[in-house]
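Please read it with the structure open.

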Amino acid sequence: MHHQHTLPFPADFLWGAASAAYQVEGGWNADGKGPSVWDSFSREVGRTFQGSNGDVAVDHYHRYPEDIALMAEMGLTAYRFSISWPRIFPSGRGAPNEAGLAFYDRLIDSLLAHGIEPVLTLYHWDLPQALQDEYGGWEDRRIIADFTHYCTALYQRFGGKVKYWVSLNEQNYNLSNAYLLGTHPPAVQDRKRFYTANHHAFLANASAIAAFRQWVPQGLIGPSFAYSPAYAASSSPEDMLAFENAEEFTNLWWLDTYCLGRYPAAALHWLAARGEAPDIQPGDEDMLRRGLPDFIGVNYYQTHSYTDNPADGVGLQRINTTGQKGSTPASGVPGLYKIQPNPHLPTSNWDWAIDPTGLRIGLRRLTSRYALPLLITENGLGEFDQLTADGRVHDDYRIDYLRSHLAACQQAITDGVKLLGYCAWSFTDILSWLNGYQKRYGFVYVDRDEQDCRSLQRIRKDSFYWYQRVIASGGTCLD
C-alpha cells in the first residue's frame, strides 16, 4: 500500500522505553533478594561475554530516582520494566519479601509522579534458582501454581496503580536458548524438554492472565513475543514451503497458543510423529482459552528469510554474541527450514537484518490474524557506541534505525493497525545477557564495561535529544 497521507500517531500513544530487572537493577542480593538462575549461570566460566554479570548492572536499584528524572526530561509517557521474581519471593513462593515490594512501590510511585505510565513485566527470565533446583523450573507443572501465586501478589499490591501489564517476555527466545541452543540456563539441548517447558509456560501465562481478570479488572495484559516475521528466500515452491514451516514453528506456535488457545495443527502433527510434542493433559486446552490476552506485546528487531532444508541438512547454531560482523553460522531445522541471509537488507554488527518494512508487515499480519491491539514492547539497535573526548555520544546510526521503524509504525497505523505505543529498547545502556556491556542500546550512555563498574555516570546520547523532540511533537517530526 502506498498512502498519499499517513494518519498521525494517536493522541494517547505511549511514547516509551524499556528495560529488564536483571539487566539494569544490580543489587543482586540486596534487601533479602534471593538468587535467580541468571545470578548462578553468569558465574559459570565461559557462559557470558568476558564473564559479565548483573551483580551491579547499571545500579538502577539505587539510582532509579536519577534515571526517572532523565526519563521525565526526555518526555517519556511510558516506561516498561520488569519485576524480579526472586526479589519478591526469594525461594520462589511463600511469604513475600516486603523490602522487594517496597522498592517497586517507590519505583512505580516515582514514575506516576513524573507523569510516566508504568508498563509492568511480570517475568523477564530471572526465575528463582530455588525453583530450578527443586523441580526443574519450567519443566515441571508445579511452576504454573507458583507463577500464578507470584503474579497474584503483584496484582494485589500494584493493581490499583498499574494499567498495562506484560505477562511473559520472549518465552520463545528465552526457552529456545535454554533448551535448544544451551546458551541460557539451564543450558541443555533437548527438543522434547524444550516443548515441555514451553507448554508449561503457556499454561502459566494463561493461568496468570485468568487471575489478572479477578484482581485488575480495569487493566490490560498480554505476553511480549520476540517476533521475526518470516520471508521466503525465493518464489520457488520449496522455499515457499520452508517459509510456511518457519512461520508456523517460529511464530505461530507461540502466537496461536497465546491468542487462540490452541497449537497450529501441522506443527503439532510433525512433533507428535517424532515423539517431541508436549503432554497435553485434560483441562489444558480449557486453561489456555481462559487466559487469552488483551493485547500482544511485540519485541521486533529483524526478519528472517528461509530456504529449503533437507532431512539431513543444517541444524540450529549459536548466534553471534561478539559483534564480529559476518560470524553468524548457517542455522536451521533439518526437514523444515534453513535461515538464509537476505541480500536486500543491511545488517548490524551482530548480523541482525535491519528491516523497518518487516515491522510494518509483521504488525499487519498480527492484526489480520488476531484482531488485537498491539504494543511495541521492544525495538532498538545494539551497537558499539563510543564516548568522545568531550564526553558525548554521536549515535546517528541509532537515530536512523529508530526513525525508520517509527515511520513503519505510522504506516501500519494508516494500514489499520491499532498500536497502543512504542517502547524503545532501551532507556539506559544495559547488560545484554550473553553480549556483555559492549552491545549498547540506550538513549543514555552508562560509564562501565564488562569488568569495571567505573563511575556508572549517565550521559545523554544524541538519540536522547532526538527522541525528546519526537515525543514533544507527537511523532510529527521524525526527521
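Buried means under 20% relative accessible area, exposed means over 50%, and partly exposed lies in between (1.4 Å probe, protein chains only). This is a predicted model: local features need pLDDT of at least 70, side-chain atom pairs count only at pLDDT 80 or more, and totals for chains, interfaces and linings use all residues. Residues are numbered from 1 along each chain as its sequence is written, and side-chain values use heavy atoms, leaving out hydrogens and water.

**Cysteines**

- Cysteine 151 is buried, at 0% relative accessibility.
- The whole structure has zero disulfides, a disulfide being a pair of cysteine sulfur atoms within 2.5 Å.
- For cysteine 151, the closest cysteine sulfur belongs to cysteine 259; at 18 Å, it is too far for a bond.
- Cysteine 477 is in no disulfide either, with the nearest cysteine sulfur, in cysteine 409, 16 Å away.
- Cysteine 477 is partly exposed, at 32% relative accessibility.

**Helix H7**

- Threonine 152 lies in helix H7, residues 142-158; helices (H or I, at least four residues) and strands (E, at least two) are DSSP runs, numbered from the N terminus.
- Threonine 152 is buried, with a relative accessible area of 15%.
- Beyond its neighbours within four places in sequence, threonine 152 is in contact (heavy atoms within 4.5 Å) with Ala211 and Trp215.

**Aromatic pairs**

- There are 41 aromatic pairs in the structure. Rings of Phe, Tyr and Trp (its six-membered ring) pair if their centres lie within 6.5 Å; planes under 30 degrees apart count as stacked, over 60 as edge-to-face and the rest as tilted.
- Tyrosine 155 and tryptophan 165 pair edge-to-face, because their ring centres are 5.3 Å apart and their planes stand at 75°.
- Tyrosine 155 is in helix H7 and tryptophan 165 in strand E4 (residues 164-169), so this pair ties together parts 10 residues apart in sequence.
- Both partners are buried: tyrosine 155 at 1% and tryptophan 165 at 0% relative accessible area.
- Tyrosine 301 and tyrosine 441 also form an edge-to-face pair, 6.3 Å centre to centre with 70° between the planes.
- That pair links distant parts of the chain, 140 residues apart: tyrosine 301 is in the loop between strands E7 (296-299) and E8 (304-307), tyrosine 441 in the loop between strands E12 (419-425) and E13 (444-446).
- Tyrosine 301 is buried at 11% relative accessibility, and tyrosine 441 is buried at 5%.
- Ring pairs also join residues into a cluster, among them Phe194, Tyr195, Trp253 and Tyr263.

**Charges over rings**

- Arginine 43 lies over the face of tryptophan 28, 4.4 Å from the ring centre; a charge sits over a ring if NZ of Lys or CZ of Arg is within 6 Å of the ring centre and within 35 degrees of the ring normal.
- Arginine 87 has its charged end over the ring of phenylalanine 103, 6.0 Å from its centre.
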